[in-house]
Amino acid sequence: MSRLKELFKKTAGIQAEKAQEKRETESPSVPEGLWVKCPKCGELLCKEEVVRHAYTCPKCGGYFRMKAKTRMKLAADEGSFTPWFTEINGKNPLDYPGYEEKLEELRNKTNLDEAVYIGKGKIDGSPVVLGACDTRFLMGSMGYAVGEKIALAFERAVQEKLPVILFCCSGGARMQEGIVSLMQMAKTAAAIKKHSQAGLLYVSVLTDPTMGGVTASFAMLGDVILAEPQALIGFAGPRVIAQTIGEKLPEGFQRAEFLLEHGMIDRIVKREELRQALSALVKIHERRQGYCQFFGISMPKEEKSQQENSGKQAQAENEKRTAWDRVETARSKKRLTALDYMETVFDGFWELHGDRLFGDDPAIMGGLALLDGQPVTVIGIQKGRTTKENLARNFGMPSPEGYRKALRLMKQAEKFQRPVITFIDTPGAFCGMEAEERGQGEAIARNLLEMADLQVPVLSVVTGEGGSGGALALGVGNEVWMMENATYSILSPEGFASILWKDSKRAKEAAEVMKVTAKDLQELGIIEQVISEEIPACPENLREIAGEMKKRMKQFLEKYNAMTPEELAQQRYERFRRM
């Protein structure tokens, strides 16, 4: 487990204890009556127990739906939340009979003016715009008032340069307002776009249920999308879908776990850990002094790599290795993986998931990390060591959704001015039929196009195999480095020999001809730096290699952070233009 995950958990424990102490002395409002029924297991529970467990069942862990104001009490620092736009009420554009009376009845019953409660508060001292939908008010449906409040909140957030966090739950668009309700989808999306163009963070938290027009607008437009476990999330309701297609839906269809698997959300976060996750996201995006202390990270001393004083004998033996020796070493199951480097080079790594289109390819991992306190986006092609791990990671052969996930994270990094660091280790892009159906070539081409013009520093490190376009799709950097025993080539030596010489058995000969080694490629001007390996990279020398890598990365960032966005893109263009 990465250090950042451990820090999240440690912070979670401390804040959970504080939250429990607060709940014991000043509990938020709970359902009327002494007992409540668990929505999952049906157990009859004491309501005070439910409150103490953050509105979850102490028996089975099932989640209760929460009031919007309760969300604010649990999310915001005590006494920090101020509601906005309470004067905005719903309208009746269709003159729907009884609608105005229903709205007035709900205002009196729920003590809410509308289905969204939104305003300004603080999370661990950081000012944010916070909002939550409430299913007690016409199932949290979005009519004019909800859309207007959300649009105004994003506009004001731009003025005050604040991040926005919305807890979403809704049945969708409000039928009683017809087409006017439908237009709120476009209005909220347009306001979110303005907020995004200002370089500000938006986190949406999907809770049970998030459906219809809300899903198809502000709920799914977060820079980071979190969800509570087992939350029902979708556009059309499951019963409608089942009736339409006349088929039984798979187990867990449209639940949060289903969406994570299909690439639509970043993470599922348990309710008791949600506040600290939100706080961490806000802190890391503030780009100010102090977030390292929040994570409990002390600025580490420079680690001296033992490789600096490598023996001449070891170096001489290393230089005797043939190109084919390095091909075999690059493919070794003992070889360090991208995740090894992510968890050791950086002070922490918090993984984000999904391409927002089809799936979450486990062959590519990516997320947020800290390099001596500087936020960076790290992305790596991940192999496994065991057969089971390799099957789960598709042997490090990415599919189109993997490349699209990587590009999504790179564009997110560009928005927030975070450098991008990629780790490359792949025999090549997956060449299965389903990859072609989903546009493997387009996905790789799109990455090349967009990476060429990224307005942030980009560093690519080939750590194992650098196979063909599948590797290049993460290799359009301001600089490209290679481990000494890594390889980088147009295709495998076996494939080269088979195509040109009609004899794959001549792979060893092909490896020499192809010039696939780090030394060859540095001489050709394809890469800038070689990271030496006295012995082939493995768990035993991970810390030594990581220390050297970290030192060089800090030097890289010092150099390229001084450039303007335009200069970074131009330098990258000129680098490849010389090839």
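Predicted model: local features only at pLDDT ≥ 70, side-chain atom pairs only at ≥ 80, totals over all residues.
## Strand β10

G348, W350 and L352 point one way from β10. F349 and E351 point the other way. Residues in both sets are buried.

The partner of β10 is strand β11, residues 364-371. The two run antiparallel and are joined by 5 bridges.

## Helices α5 and α6

Two packed helices are described by the angle and the distance between their axes. Helix α5 covers residues 144-160, and helix α6 covers residues 178-197. Their axes come within 9 Å and cross at roughly 10 degrees. The angle is under 35 degrees, so α5 counts as roughly parallel to α6.

On the α5 side, the contact is made by Y144, G147, E148, I150, A151, F154, A157 and V158. On the α6 side, V180, Q184, K187, T188, A191, I192, K194 and H195 meet them. The residues of this contact divide into 9 nonpolar, 4 polar and 3 charged.

## Residue T487

T487 lies in strand β16, residues 487-489. Is this residue buried or exposed? T487 has 8% relative accessibility, so it counts as buried; the cut-off for buried is under 20%.

Beyond residues up to four places away in sequence, T487 touches R326, V327, A330, V462, G464, E465, G466, M482 and V516. L521 is 34 residues from T487 along the chain, and their C-alpha atoms are separated by 9.0 Å.

Methods
Residues numbered from 1 in each chain as written. Heavy atoms only, no water. Buried < 20%, exposed > 50% of the residue type's maximum accessible area, 1.4 Å probe, protein only. Helix = DSSP H or I, 4+ residues; strand = E, 2+ residues; numbered from the N terminus. Pairing = 2+ DSSP bridges. Axes fitted to C-alpha atoms, helices over the stretch in contact; angles between N-to-C directions. Parallel < 35°, antiparallel > 145°, perpendicular 65-115°, else oblique. Contact = heavy atoms within 4.5 Å. Nonpolar A, V, L, I, M, F, W, Y, C, P; charged D, E, K, R; others polar.
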